[in-house]
Amino acid sequence: MTQTPTAQTPAAGRAPAPDQARAHFTVPAKHPMVTVLGSGDSLLRVIENAFPAADIHVRGNEISATGSAADVALVQRLFDEMMLVLRTGQPMTEDAVERSIAMLRASETGGADGPETPAEVLTQNILSSRGRTIRPKTLNQKRYVDAIDKHTIVFGIGPAGTGKTYLAMAKAVQALQSKQVNRIILTRPAVEAGERLGFLPGTLYEKIDPYLRPLYDALHDMLDPDSIPRLMAAGTIEVAPLAYMRGRTLNDAFIILDEAQNTSPEQMKMFLTRLGFESKIVITGDITQVDLPGGTKSGLRQVQDILEGVDDVHFSRLTSQDVVRHKLVGRIVDAYEQYEQDDSRKDNRSGHNGK
């Protein structure tokens, strides 16, 4: 998309105001306009809603934008990024357009450090399986995935729905398929929502299954379901409660500890010291959702103070902006964070007044 002098007449037939800029973009003939504008102009509507003060016009395969210099520059960059994505053969979606706009705005305001562009984020393939490709959808997710490649131990910390565990598991399956590791070990602490294994009916495996079910579900997204029992029987994939890790040294493995906010400091230390040769560990959790009994300190909260800055250990922190579930989930996360901040301030004021 090339920006033109403001004196040029825009597609709508009227000259821009002196304080406005205009940009013009030609979509190559090999790309049908529907891939750029969306079915029923759905992508165009997303762009227009994001830039309400800009006039965006389409005529044939020509697109023009008139508005403030800042808006026009962002629209120009957006269409350039969209074309880079489309050239890879990957379709643009409404969600991808919204995330591209958010990334571009963050880079404009200095809220995003680094050279990554929306196209680089949205076209980074981790794993292709069962007719779908798993890839990061936000800048923080890309940096999390890149950190897993670069470091031996990576912590993925953030709210529900940010892809912490799912992306880690995709990297684990990728590492197994490329023979970087010989096995995958998936584990979680079996303490959640006030339940204890002794109160649950059935055999030991029936008791722990509800805690491990989310890990099985993710595996079924990434591997042929018929192959999973065979891989588990051979020990290539192991899904087990955290207590089963004690006393072991885990070599040549990709190990994921999920729901790590529900580990005690002692469990966290025990797990971290299971690391063997040629292995990689990813630890995921949400420090705002601790289900430990009252008074028990979270190992995930504590380990940030202990290991921050240690060589080859990386902390990736995701936020509500990285939620890839329904849009409302991100708003819910933000609302709870705001409530907890307000509640904390009230408690502090109350404590101060009570002195």
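Welcome! Glu 48 sits in helix α2, which spans residues 42–50. Helices here are DSSP runs of H or I with at least four residues, strands are runs of E with at least two, and both are numbered from the N terminus. This is a predicted model, in which local features need pLDDT of at least 70, side-chain atom pairs count only at pLDDT 80 or more, and totals for chains, interfaces and linings use all residues. Residues are numbered from 1 along each chain as its sequence is written, and side-chain values use heavy atoms, with hydrogens and water left out.

**Pairs brought together in space**

- Glu 48 is partly exposed, at 33% relative accessibility (buried means under 20% relative accessible area, exposed over 50%, and partly exposed in between, with a 1.4 Å probe and protein chains only).
- Val 75 is 27 residues from Glu 48 in sequence, and their C-alpha atoms are 9.7 Å apart.
- Ser 264, in the loop between β10 (253–257) and α10 (265–272), counts as buried because its relative accessibility is 13%.

- A pocket is found on a 1 Å grid over the protein atoms alone, as an open set of points where a 1.4 Å probe fits, with protein on both sides within 12 Å along at least five of seven lines; lining residues have an atom within 4 Å of a point.
- The lining has 26 residues, and Gly 161, Lys 164, Thr 165, Glu 259 and Arg 325 lie nearest the centre.
- Helix α7 (164–177), helix α8 (204–222) and strand β11 (280–285) each give at least two lining residues, with the largest share, five residues, coming from α8.

**Positive phi angles**

- Lys 179, in the loop between α7 and β8 (183–188), has a phi near 65°, a positive value in a residue other than glycine.
- Lys 179 is exposed because its relative accessible area is 72%.
- Asp 252, in the loop between β9 (237–241) and β10, also has a positive phi, near 50°.
- With a relative accessible area of 30%, Asp 252 is partly exposed.

**Helix α12**

- Tyr 336 belongs to helix α12, residues 327–353.
- Tyr 336 counts as exposed because its relative accessible area is 54%.
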